[in-house]
Amino acid sequence: GARAWELVAEQWPALARSLIMRRQVFLVEAHMLRGRAALAAGHVAAAARDAKRIEREGVAWATGLARLLRAGVAASSGDREGAARLLDEAAEGLAAHDMGLYAAAARRRRGRVDEADAWMRDQGIRNPERMTAMLAPGVWE
């Protein structure tokens, strides 16, 4: 987690200056990546800022991603109820926008492990636990 955070932080200024961030999909994905790296490194406030930035885009397909980040923030802050609610919202929104892998990660974090793992294995994912750790990092136990 710490190394991922360092790599993203090192490259962020160049990415922010690039024209690629003018495209909404790349902007959202970049903030999602940075937010996940922040959670993996224990930088909860930074992850919350990235979730907020994603939400400001105001598009339904990105809302599920922001909810997934916010669930990691809540879990890492000890708010298990909030995390559970956000995971349910994330899974529903992500599935509705054909973002099945992220939806499966949200379901797995919510405790629906068998269902999520079966979906991931159908997609050829050999290690659903590690895939989930990458897509939905945070302090979950």
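Among contacts in the chain between residues at least 6 apart in sequence, what share joins residues at least 24 apart? The share is 53%, where contact means heavy atoms within 4.5 Å.

This is a predicted model, in which local features need pLDDT of at least 70, side-chain atom pairs count only at pLDDT 80 or more, and totals for chains, interfaces and linings use all residues. Residues are numbered from 1 along each chain as its sequence is written, and side-chain values use heavy atoms, without hydrogens and water.

The chain holds eight helices and zero strands. Helices here are DSSP runs of H or I with at least four residues, strands are E runs of at least two, and numbering starts at the N terminus. With 141 residues, a compact globule would have a radius of gyration near 14 Å, and the chain agrees at 14 Å. That radius is taken over C-alpha atoms; the globule rule is 2.2 Å times the number of residues to the power 0.38. The C-alpha atoms fill a box of roughly 40 × 30 × 30 Å along the principal axes.

Of the 141 residues, 40% are buried. Buried means under 20% relative accessible area with a 1.4 Å probe, counting protein chains only.

Now take helix α5, residues 80–96. Buried positions in α5 include G82, A83, L86, L87, A90 and L94. The buried residues of α5 pack against α4 (60–76) and α6 (100–109). After α5 comes D98, with a positive phi near 55 degrees.

Note on methods:
Buried < 20%, exposed > 50% of the residue type's maximum accessible area, 1.4 Å probe, protein only.
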